[in-house]
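Please consult the sequence and the structure shown here while reading.

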Amino acid sequence: MPSSDRAYQHIFWDMGGTIVNTYPPLDAELAGVIRSRGGRIDDHDVALLTRRSTGEAISVLAQRFHLEESLFRAAEASLKYAWRTSPPPAMPGIHEAMAAITGLNLVVTHRDRASASSLLEALGITVDDLICAPDGHPRKPDPAMHRALLERHGLDPERCVSVGDRPIDAIAAHAAGMDAVMLRTPRIDFDNDAEHQVEHLADLLPLLA
């Protein structure tokens, strides 16, 4: 596993839940599907599922409440469409963390390119490169997207760190030879192998070169 005794020059950012605070409205939207059909669920119970995987959350909720998965996917799609004109907020501290590094800010996301680009633009966030799973890359925890960016920019993985909010982000980073930072969500505790655990993006600053 990579060593964590160094300052990092380049950041590989996850997007939803790390750069953009997408989860609270998503949790509410999925919970709303259940409530509108007579079910009862707390948004936090949905959050425990979406922090692992939105797809997994939809499958579990559909089975648990005997609803069609298509209902949840339609609600998710409607929310993403609304974000084109009314995006969720940026995570506190993201602008400062991105400005603090001497190297590159790179985004590794499962979002489609149009959705990711429009969110970043709406929030005034500029990155050096963006790689998206729907462009033909395997999804995390496969490290293919990380490796593609390392090769594209000629980067030493030991000078890079991955920042994400789910265990799959750390798994992918380690497989690509770099360290990981886990941005923890209050009241949601997952086991993970990240070298650094932070609750706020401001906590990244001492780690950056």
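## Salt bridges

Lys80 is partly exposed, because its relative accessible area of 30% falls between the limits for buried (under 20%) and exposed (over 50%), as found with a 1.4 Å probe on protein chains only. The model is predicted: local features need pLDDT of at least 70 and side-chain atom pairs count only at pLDDT 80 or more, while totals for chains, interfaces and linings use all residues. Residues are numbered from 1 along each chain as its sequence is written, and side-chain values use heavy atoms, without hydrogens or water.

The structure holds 8 salt bridges, a salt bridge being a side-chain nitrogen of Lys or Arg within 4 Å of a carboxyl oxygen of Asp or Glu.

| Pair | N to O distance |
|---|---|
| Arg51 and Asp27 | 2.9 Å |
| Arg73 and Glu69 | 3.3 Å |
| Lys80 and Glu76 | 3.5 Å |

Lys80 and Glu76 both belong to helix α4 and stand 4 residues apart, about one turn of the helix. Glu76 counts as buried, at 15% relative accessibility. Arg73 and Glu69 also both lie in helix α4 (residues 69-82), 4 residues apart. Arg73, at 39%, is partly exposed, and Glu69, at 31%, is partly exposed. Helices here are DSSP runs (H or I) of at least four residues, numbered from the N terminus.

Arg51 and Asp27 are both buried.

## Nonpolar cores

In soluble globular proteins, nonpolar side chains tend to be buried together. A nonpolar core is a set of buried Ala, Val, Leu, Ile, Met, Phe, Trp, Tyr and Cys residues joined through side-chain atoms within 4.5 Å. The largest one has 47 residues; among those touching the most other members are Trp13, Phe72 and Ile125. Helix α1 (residues 23-35) gives this core its largest share, 6 residues. Apart from it lies another core of 17 residues, including Phe12 and Leu155.

## The cavity

How many cavities of 30 Å³ or more does a search of the whole structure find? The search finds 1, where a cavity is a set of points on a 1 Å grid over the protein atoms alone at which a 1.4 Å probe fits but cannot get out. The largest cavity holds about 80 Å³ of space. Its lining includes Arg51, Asp165 and Phe190, among others.

Notes. 1 Å grid on protein atoms, 1.4 Å probe; cavity = no way out; pocket = protein on both sides within 12 Å on 5 of 7 lines; lining within 4 Å. Points joined across faces, edges and corners; volume = space filled by probe spheres on them. Helix = DSSP H or I, 4+ residues; strand = E, 2+ residues; numbered from the N terminus.
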